[in-house]
Amino acid sequence: MRRSFNLFLIILLLTGCVQQSILDDIQMVTIIGYDLPDEDKEDGLIKGIAVAPQYLADGKIENNVFVETAKLSKEIRSQYNSKSPKPIVSGKLEVAMFSREIAETEGVTGLVDTLHRDPSIGSRVFLGIANGDTEELLSTNYGNVDTGTYFQDILKHNSKHGMLPETNLHSFLYSYYSEGSDPFLPILDRDGDKVKITGIGLLDGGKMVSELDADNLFTFKILQEKFSSNDSFSVNLDQDKYAAIYNIASKRKIEYNSREANKIKIRGSILGVIKEYSGKALTPEALKEIEETMEKDIEKRGTKMIQSFQELGIDPISLGNAVRSKTRGEFDRKKWIDEYKNMDISFDMNVKITESGIIE
Amino acid sequence: MKDSGDFLHFESKQHGSSFFLYYFKTLVHETPLNEHILRYLSREPLTSLKEVKDKIPITGIIITEDLKTICEKVMTGYVIVRLHDNSVECALIPCQVKKARSVSQPEVEFTVVGSKEAFVESLDTNIHLVRKRLPVHELKAFELTLGKLTNTKVVVMYLDGVANEENVNTVKQRLKDIHVDQVVDSSVIMQLISDNRNSPFPQLVDTERPDRVVSVLCEGKVVILSDGSPQALIGPTTLVEFFSAFEDYFVNWIVASTSRLIRLFAVLFSILVTPIYVATLTYHYELIPSDLLSTLVSSRQRIPLPPILEAIFLELSIELLREAGARLPTKVGQTIGIVGGIVIGTASVEAGLTSNVLLIIVALSALASFTTPVYRMSNTIRLTRFPFLIFAHLWGLLGITICFSFLIVHLLKLKSLGRPFLEPIYPLRVQDLKDAIIRLPLSFQSTRPIQLQTEDTRRFNRRTQKEKNDFHE
Amino acid sequence: MSGPVVKDQYKVSPFLVFYLVHSVQVGVGVMGFQRISASTAGNDAWISVFGAGLSLHIIIFLIYKILNKEKGDIISLHKNLFGKWIGGLLSWIVIVYFVAMSITVLRTYIEVIQVWMFPDLNKWLFGGVFLLLTYYCLSGGFRVVAGISFFGVVLPFYLVLTMLFPVFYGHFQDLLPIFNHSVKEIYEGVKGASLSFLGFTTLFLYYPFIKEPEKSHRWAQGGHLLTTIMYTVLMIVTIAYFSTAQLEKTIWATLTTWKIAEMPFVQRFEYIGIASWALVILPNLCITVWAGGRGIRRLLKVSQKSVTIPLLFLILVLSSLFAKRENIDLLNEYTSKVGFYFVYIYVPLLFVIQYVKSKVVKAK
């Protein structure tokens with residue numbers, strides 16, 4: 001009995017090990033990018049760019065860039081491995097970027113499915129659309145940082161405190177599969193040795209059909225979700241008079257009644273603090289003026305935005321879900337989009353300024 | 001016996017009558033021998049041994065013909081008096097020399113506050129230390145002799161009417177079942193009467209503090225004292241008792257509970273943290289947050305060994321240091337500790353054999369294992385780490401859980417004197433939790449632990465002990 | 001009616017039934033039961049889960065009615081009601097069911113590990129070690145089995161806290177409108193949810209091992225109530241976290257929700273969750289194998305040790321034979337179907353037959 005037990009233990013130790021991935025013997029890809037290959041120079045259907053940081057013992061970080069083209073996105077990985085001294089793993093992937101071309105022509109569905117299927121990829125992976133050349137965007141060295149973490153930090157703090165709505169893999173999949181909502185992705189571009197968020201790409205299914213520029217993100221976020229941020233929004237009162245308002249908590253309420261099925265009213269409200277004011281004195285009247293100007297400005301932008309959504313037949317602010325939650329019976333997406341296009345959607349904004357800084 | 005140089009035998013002829021004296025000079029106290037025995041024997045002629053018994057002012061004189069008894073007694077320091085050469089009858093006069101260390105400070109279980117007395121090697125002194133603190137006639141001391149060669153006196157102490165009869169009988173029965181030649185220390189008894197002798201876990205607590213013994217006696221536990229051993233054994237016990245220091249009862253309950261929680265955390269930390277390091281670095285790189293990743297990777301960049309070998313190497317060197325420190329005299333031991341800790345640690349990091357992160361982890365977990373108040377338990381805890389390491393290498397975190405399950409099942413199966421070892425956690429006895437993982441105020445400790453199944457469950461009336469709970473006027 | 005005699009020292013206190021019932025219910029099912037109920041009941045799946053839970057309270061009540069009258073286990077019950085041969089056959093079916101359940105549990109867990117953690121995990125070896133652990137536990141008798149089920153509930157309970165993370169990403173309007181599905185759809189959802197509730201029928205075998213078994217009724221109900229609440233909350237969180245079509249694509253919804261959990265010192269919680277789940281699976285396996293072994297022991301009158309070892313080998317071999325996803329799914333489906341009928345049809349039937357028979361005996 002004892003001997004057989006010992007034998008068992010030896011077998012266990014010899015054969016029991018599963019494939020190891022020892023931390024310093026692997027290449028952890030932190031950011032991955034997809035682009036369409038240049039038809040003249042490269043063959044294959046898709047080009048994949050993977051960046052894996054190499055941590056050196058003296059604290060420096062080198063970014064190893066792997067570029068491959070292949071027919072299937074999954075083939076790319078084995079091709080990376082043939083070039084890499086250490087096996088490539090994707091468990092620490094932070095960001096996945098798709099080129100504008102892919103997003104506009106093929107759509108991102110297939111590529112996202114690859115990410116979704118792989119159990120080693122987390123739900124907090126950020127997705128984004130690369131403006132310009134993806135390879136160039138990813139292979140630029142942004143200082144002594146790992147490129148993936150650098151991109152992640154930009155997206156993370158901007159969606160936590162800034163004007164960007166949350167766009168990680170889970171949120172994307174939620175809206176993608178949801179009947180009453182359409183996904184959107186941030187657009188990033190290189191600006192010298194920095195990366196900049198230039199806007200939001202709006203998707204219908206997996207394809208990008210339209211985009212919003214950075215100026216409209218504030219309004220979009222109000223329409224999209226409840227948030228509070230440290231970003232500011234500036235209002236032009238007159239030609240030389242303007243005010244900047246910050247530390248804003250906003251709320252959004254969708255009013256819909258199934259009896260008046262053709263009407264949706266979105267009520268937004270903002271609490272803000274004045275950070276900058278170029279006028280003379282901040283009198284109550286001046287405050288009132290700022291509030292009203294801001295209300296009007298946001299309402300105008302919002303209404304325009306909604307109208308363009310309706311024309312495109314996309315629903316990134318998930319009005320569909322709001323309607324579905326108040327409609328009995330089967331909810332059909334096609335029917336809903338048809339209805340949505342002709343709906344009377346109004347946007348009403350309410351701005352309240354609570355503080356005006358530490359001086360009057 | 002005549003071969004022994006310290007065996008004395010001579011004939012004394014006085015007043016016409018002669019008698020023989022036999023004794024071991026190394027076992028016999030000289031002052032009573034000279035002052036009482038020889039003085040009385042030489043004063044007037046001896047006619048019978050009965051006279052010896054009557055005249056000599058020493059109690060416990062035995063008159064016997066039994067050769068076996070005589071042999072036994074002379075070996076324990078009796079003086080043998082025989083009248084005529086042809087008669088076998090002898091008088092045995094107890095005259096043992098009682099040489100023992102005087103009562104000194106506890107060294108293993110030292111506490112800042114509280115009694116500074118510790119048990120010594122003399123059984124009688126030890127019983128005296130207990131009786132002094134517990135002057136009631138219910139305190140029973142059942143005595144028996146163990147060991148074919150050593151003939152060690154062992155005493156089972158318990159409070160009659162409090163301690164469960166069954167527990168006492170279990171102890172007595174198990175002691176009687178011991179058939180070995182030598183019982184040199186109570187630790188030997190502990191190994192021999194444990195419920196599961198193949199378990200690395202001690203199933204009886206040993207202590208050198210008489211006050212702790214008294215306290216557990218009052219709870220209704222059974223205590224075993226053995227001659228020649230400064231350690232008393234306490235049973236039945238539970239796992240959590242090994243992590244409660246006696247000092248916990250000397251300080252406020254909040255402080256005591258905190259330190260108990262810290263100790264339990266330290267145990268878990270000590271067992272699990274190196275295996276978790278091995279598991280995450282070998283398999284689960286996904287778990288490590290990005291910020292920590294660069295630190296870990298760059299610290300391991302130059303190390304040729306896989307994490308498991310790295311960890312085993314460091315763990316073994318810590319064990320070596322501890323073992324070397326324990327075998328050497330105190331002062332040299334300290335030096336070894338410092339030299340080993342600093343020199344070997346720094347050198348192995350610089351040589352690229354281990355990463356500095358692991359060095360910190362291993363050192364901390366070694367430190368954590370020493371917070372356990374009972375020395376035996378801290379040995380067990382350090383040992384437990386190794387199977388965890390192997391399982392962590394095999395299946396990562398999954399292996400750790402499986403090893404942990406083995407540990408839990410093992411602990412579930414353990415018993416201390418037939419009582420469940422994991423009580424009060426399993427079987428869950430909420431009432432006993434008052435003095436387990438945390439220690440509640442003394443006014444809550446009005447009942448004895450259910451685990452002991454004591455005959456008298458109530459220690460004191462809680463209501464009379466309760467403080468008045470009202471606002472000051 | 002003579003039940004089996006169990007010595008007092010091997011019995012466990014009634015409140016442990018709480019853990020025995022709860023721990024045998026929570027097993028592999030909870031990792032992905034959401035998809036099955038949601039595929040028919042959609043956003044009303046939580047009602048299905050809640051409904052399944054509530055209806056099983058009645059079944060537990062019936063089981064206690066039967067056993068309190070019988071004062072024994074299902075083996076003696078079968079023998080008394082149906083005679084030696086038919087009763088014995090029925091008992092064997094029940095035993096096979098329990099063994100099949102343990103195979104399902106072990107195989108599904110190994111599958112989860114293979115898919116999520118170690119694709120090249122040797123299922124023979126891992127199964128062997130896990131069953132060795134089971135054997136080590138079973139060799140301590142029922143007291144240790146109850147103990148491990150206690151720890152199997154208490155220790156991994158911290159995982160409940162991780163359900164807070166998906167709440168932050170929850171779209172709770174997805175739950176509205178309530179009762180948007182027909183009764184039939186919701187009923188289908190109940191059927192789908194029932195697999196994750198099964199296993200408490202092992203009560204039929206360990207009943208004689210409980211001290212004052214009548215008193216354990218409320219504990220059994222309590223354990224089941226905890227399961228019901230847990231599952232319902234989990235279902236609500238899942239519905240809010242996923243969109244409907246997304247949930248239908250997700251095989252292991254609970255594990256997927258863990259992917260979002262993140263703490264300063266640890267990311268990707270699903271790996272910790274799956275590893276900790278071994279502590280949840282162990283009591284599951286222990287109780288079902290114990291029940292199977294106990295049943296065979298009672299029928300063949302042999303020692304439990306000589307039954308358990310071959311039984312464990314059988315489980316290892318059979319569970320390793322299932323290799324593909326579809327086969328494992330099929331296994332899961334059949335066990336849950338059998339379990340469903342066992343619980344909802346056979347138990348009430350037993351109750352009626354026992355009732356009628358006792359009336360007839362009285363009339364005579």
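A helix, as the term is used here, is a DSSP run of H or I covering at least four residues, numbered from the N terminus. The model is predicted.

**Exercise 1.** Determine how many cavities of 30 Å³ or more the structure holds, and state which residues lie closest to the centre of the largest cavity.

*Solution.* 
1. The structure holds five cavities that reach 30 Å³ or more.

**Exercise 2.** Identify the element that supplies the largest share of the lining of the largest cavity, and classify the lining residues.

*Solution.* 
1. Helix α7 of chain B, residues 210-219, contributes four residues, the largest share of this lining.
2. By residue class, the lining of the largest cavity divides into ten charged, eight nonpolar and six polar residues.

**Exercise 3.** Describe the second largest cavity by its volume and its lining.

*Solution.* 
1. About 190 Å³ of space lies in the second largest cavity.
2. Among its 17 lining residues, the closest to the centre are A:Glu94, A:Arg124, C:Glu262, C:Gln267 and C:Arg268.
3. The lining of the second largest cavity comprises eight charged, five polar and four nonpolar residues.

**Exercise 4.** Explain why the buried residues of helix α4 in chain A lie on the same side of α4(A).

*Solution.* 
1. In helix α4 of chain A, residues 109-117, the residues A:Leu111, A:Val112, A:Thr114 and A:Leu115 are buried.
2. These residues lie on the same side of α4(A) because they cover an arc of only 150° around the axis.
3. An α-helix has 3.6 residues a turn, so residues three or four places apart point the same way.

Conventions: Residues numbered from 1 in each chain as written. Chains lettered and ligands numbered in written order. Predicted model: local features only at pLDDT ≥ 70, side-chain atom pairs only at ≥ 80, totals over all residues. Heavy atoms only, no water. Buried < 20%, exposed > 50% of the residue type's maximum accessible area, 1.4 Å probe, protein only. Helix = DSSP H or I, 4+ residues; strand = E, 2+ residues; numbered from the N terminus. Arc of directions from axis to C-beta. 1 Å grid on protein atoms, 1.4 Å probe; cavity = no way out; pocket = protein on both sides within 12 Å on 5 of 7 lines; lining within 4 Å. Points joined across faces, edges and corners; volume = space filled by probe spheres on them. Nonpolar A, V, L, I, M, F, W, Y, C, P; charged D, E, K, R; others polar.
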